[in-house]
Amino acid sequence: MNTTLRRLANVVMVMFLALMVSTTWIQFFHADELNDDNRNVRKIWAQFGTDRGPIVVDGEAIAQSTPIDDQFGYQREYTDGRLYSPLTGYFSIVSGTSKIEDTENDFLSGSADALWMDRLRNTLTGRDPQGSSVELTIDAAAQRAAWDALGDQRGAVVAVEPSTGKILAMVSKPNYDPNDLATHDSKAANKAMEELASSDDRPLESRATATRYPPGSTFKLVTAAAALESGDYDESTSLDAPDRYTPPGTDRSIGNYGGTSCSSTGEMSLADALRISCNTAFAELGVDLGNEALYDQASAFGFNAPFEVPFETTPSAFPAPDDEGWADAFVAQAAIGQWNVAATPLQVAMTSAAIANDGELMAPYSVETVRDPELEVVEKTSPRKLEDSVSSETANQLTDMMVGVVEDGSGTSAQIPGVTVAGKTGTAQHGEGLPPHVWFTGFAPAEDPKVAVAVVVESGGSVGTSEATGGAVAAPIARAVIEAVLNG
């Protein structure tokens, strides 16, 4: 009998040991996987039952959790939800988190490692957990100006502070109201997400940071920069400027906007070619420089790599020199921002910002400060240089050329009395028979830049014809944003 009992006891001990090992293994090695599982009801209760920290712009909460009489106790609410949705993203019981709500989730929920003292204090005092506040770099006046100026048109606006990389405005239309996804009614939240995800308008996609457009003539800034950086050109260098240009190896020619002539002599300076946005001069210049020079210069401005603001953005694209299909005809198109060149409005804004900042490209960011529930600073973003996009001399020459664009060129609609504005217009073809996307990018004051901006309006915007231009449609929007920042 004793032998039988000992054997049974040994079996029971082995079973208990196996159970303890398996449980420990699951809890230790699979903890993150279990916590992230959408079926984890405890996680949902923990997240939505916490006083989540606010997202703040200019001292006012644009996202906050308010007490509510339901099973969770708190409801996430967004003030001016559509205005700020490209930044805040959403906090949803069925769809999870996005944008700032996602990247700053540990601070907003109060679970960040840096907040361990607050959690300990809450445990000792019995106080309910509370998240930290996340203060954005956004200028509320500039954000509103961008929103109002873009109106009902499809497109995006991005404004940044050149010397630091702070994002001052970020607007995208069409968009969505994150309050529709934050509801605790799971059926309503699911329906809202399904409608948004299936919409042809793509409202969940931030046109400011995720959508890539052909940059059109705004890319001539990159081509001009490559020319100046080569040492073989300056702003007074004479370029061929025929009425039409046919690249080597093809019989398809490139013309100027509206079939116009750039110069009665067939020649003009680099500065004048940028001022009036002469396609033929820049197409031939691109072929002379070559695809490798254009690729290197585009990459120096930030193309082909994502920005983190802190959420990751779609990288803008300029085809690598060793990609198949490169031919002079494509180099010519790429030099004027067509063919396979694609850029987000954020990228175009950062190109102008680098020029404005004496050639230095700063890392863009949208989170200024994180404060704990006692308003003590937990984390603060410091400006960080990504690279030297161009030399100081090149930046100065580009600035002078861009001032000419606004003073007496294609961008006169961006003029502001008493302020020297530097800019570049763009008109980008994106389909046979379709109205072009129109662009404006620039900065001001040119002698001491405080803001750089990029505007894209899809398919000609309210004009909606093949005659829409960046100067007529996009430049006035940029002007409104610049004025809002300078008057703040």
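Biologist: What is the place of W339 in the chain?
Modeller: Bear in mind that this is a predicted model. W339 isn't a glycine, yet its phi is positive, about 55 degrees. Its place is in the loop between α15 and α16.

Biologist: And what does W339 count as, going by relative accessibility?
Modeller: Buried would need a value under 20%, and exposed one over 50%. W339 comes out at 27%, so it counts as partly exposed.

Biologist: S459 has a positive phi too; what does S459 count as?
Modeller: S459, with phi near 50 degrees, sits in the loop between β19 and α18. Its relative accessibility is 29%, so S459 counts as partly exposed.

Biologist: Which residues form a disulfide?
Modeller: The rule asks for cysteine sulfur atoms within 2.5 Å, and the count comes to one disulfide. Its sulfur atoms are 2.2 Å apart, and the partners are C262 and C278.

Biologist: How many residues apart are C262 and C278?
Modeller: C262 is in the loop between β11 and β12, while C278 is in the loop between α12 and α13. The pair links distant parts of the chain, and the separation is 16 residues.

Biologist: Is that C262 and C278 disulfide right-handed or left-handed?
Modeller: Both cysteines are buried. The torsion about their S-S bond is about 105 degrees, so the disulfide is right-handed.

Biologist: What should helix α17 span?
Modeller: α17 runs over residues 392–408, which makes 17 residues. The end C-alpha atoms are 24 Å apart, and that agrees with the span you'd expect at 1.5 Å a residue, 24 Å.

Biologist: What do the buried residues of α17 pack against?
Modeller: The buried residues of α17 include L398, M401, M402 and V405. Their partners, by contact, are α11, α12, α16, β17 and β18.

Biologist: Which residues are closest to the centre of the largest pocket?
Modeller: The largest pocket has a volume of about 1,000 Å³, and 40 residues line it. Closest to the centre are G255, N279, I336, Q338 and Q429.

Biologist: How many residues in the lining of the largest pocket are charged?
Modeller: By class, the lining has 25 polar residues and twelve nonpolar ones. Charged residues there number three.

Biologist: What is omega for the cis peptide bond that joins A444 and P445?
Modeller: P445 is found in the loop between β18 and β19. The bond from A444 into P445 is cis, with omega about -15 degrees.

Technical notes: Residues numbered from 1 in each chain as written. Predicted model: local features only at pLDDT ≥ 70, side-chain atom pairs only at ≥ 80, totals over all residues. Heavy atoms only, no water. 1 Å grid on protein atoms, 1.4 Å probe; cavity = no way out; pocket = protein on both sides within 12 Å on 5 of 7 lines; lining within 4 Å. Points joined across faces, edges and corners; volume = space filled by probe spheres on them. Nonpolar A, V, L, I, M, F, W, Y, C, P; charged D, E, K, R; others polar. Helix = DSSP H or I, 4+ residues; strand = E, 2+ residues; numbered from the N terminus. Buried < 20%, exposed > 50% of the residue type's maximum accessible area, 1.4 Å probe, protein only. Expected span 1.5 Å × (residues − 1). Contact = heavy atoms within 4.5 Å.
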